Amino acid sequence: MSRYEPLHPPLQQQPLQQHPRLKTGDTIPATRMLQMSPATLRWRPLGLIPLLLFVLGVALLEVYGLDLKLGDLLYRLEGHQWALREHWLTAGLIHNGGRLLSFGLLLVAVLGWSLSWIRPGLRHWRPGLSYLISAVLCSVLIVNIAKRLAGLDCPWSLQRYGADRLYHSLFSLDPATTSGGSCFPAGHASAGYAWVALYFLALHHFGGTSARARRYRRLALLPGLGLGLIFGISQQLRGAHFISHDIWTLAICWFSALLLYRWRLWPQPITPKFCYSRFCAGTSGS
């Protein structure tokens, strides 16, 4: 071996044959490898496990007719009418107020993203905020498109609950059963469940395996699940949706957020920087 020959090939082109997640012979820049963490290399279970739970939940609802059973129970408890349909709490505070709350949160995210172009110390947050805005808008858009395509009615429009239309399952094989309704999936619940994207934003910034990082990720999951549950239960009490409508909405919001995370943020975890001086250097992004 020549005295001038390097002992190892350049670090940027080292094959990572030992890495369990990479194929033999794959190469990866050293700087990118240093950014990777075990949490970001385990994004697939975030899709597979929820998918299995979703399929199981939908199957149980369909086989045992839980939509109608729960709808019948609520209708009976409200005195064989949808007594909470126009109630100040469900229709006013939770429905109208909840929509304004979700819109306000989106404005805050847009404001933070806009400021990141002005304040150098906020550039570090720009990619994550851009992802969050995209994920929320994408989830709501997909749910609203699905509502137009599915053509299913709200419970309050069904003969079973004193109206004039027949109940049809989403899995009916007869396309003529669609009545042109626009109540599936749950649109209002999407204004809450869309914020499950906060979990993936936390995974981007707190992707480690420490107890602190896991705690931050769990906390980031609470706003989306909490708002979605409150909005969804309120709409069920009003007779606007069955429980399956909310489950489908949650699945749409989760998987759209996951796919956007895989496309836009993975696998580059970034530790958050709390520095707002104009001399701070941040990570640029879009």
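Of the chain's 286 residues, 42% count as buried, where buried means under 20% relative accessible area, exposed means over 50%, and partly exposed falls in between (1.4 Å probe, protein chains only). You are looking at a predicted model, in which local features need pLDDT of at least 70, side-chain atom pairs count only at pLDDT 80 or more, and totals for chains, interfaces and linings use all residues. Residues are numbered from 1 along each chain as its sequence is written, and side-chain values use heavy atoms, with hydrogens and water left out.

**Start with the cartoon.** The chain has 9 helices and 0 strands; helices (H or I, at least four residues) and strands (E, at least two) are DSSP runs, numbered from the N terminus.

**Select Cys154 and Cys183.** Their sulfur atoms sit 1.6 Å apart and form a disulfide, defined as a pair of cysteine sulfur atoms within 2.5 Å. Both cysteines lie in the loop between helix 5 (126–150) and helix 6 (187–193), so the link ties together parts that are 29 residues apart in sequence. Turn the view to check the S-S bond: at -55 degrees, the link of Cys154 and Cys183 is left-handed. Are these two residues buried or exposed? Both Cys154 and Cys183 are buried.

**Now pick Cys138 and Cys253.** Cys138 is partly exposed at 27% relative accessible area, while Cys253 is buried at 0%.

**Move on to the salt bridges.** There are 2 of them in the structure, each being a side-chain nitrogen of Lys or Arg within 4 Å of a carboxyl oxygen of Asp or Glu.

- Asp72 and Arg160: the closest N and O atoms are 2.8 Å apart. Asp72 is in helix 3 (residues 66–77) and Arg160 in the loop between helix 5 and helix 6, so the pair joins parts 88 residues apart in sequence. Asp72 is partly exposed at 22%, and Arg160 is partly exposed at 47%.
- Asp153 and Arg165: here the closest N and O atoms are 2.6 Å apart. Asp153 is buried at 8%, whereas Arg165 is partly exposed at 35%.

**Finish on helix 8.** Select residues 211–238, the helix that holds Arg215. Arg215 is partly exposed, with a relative accessible area of 40%.
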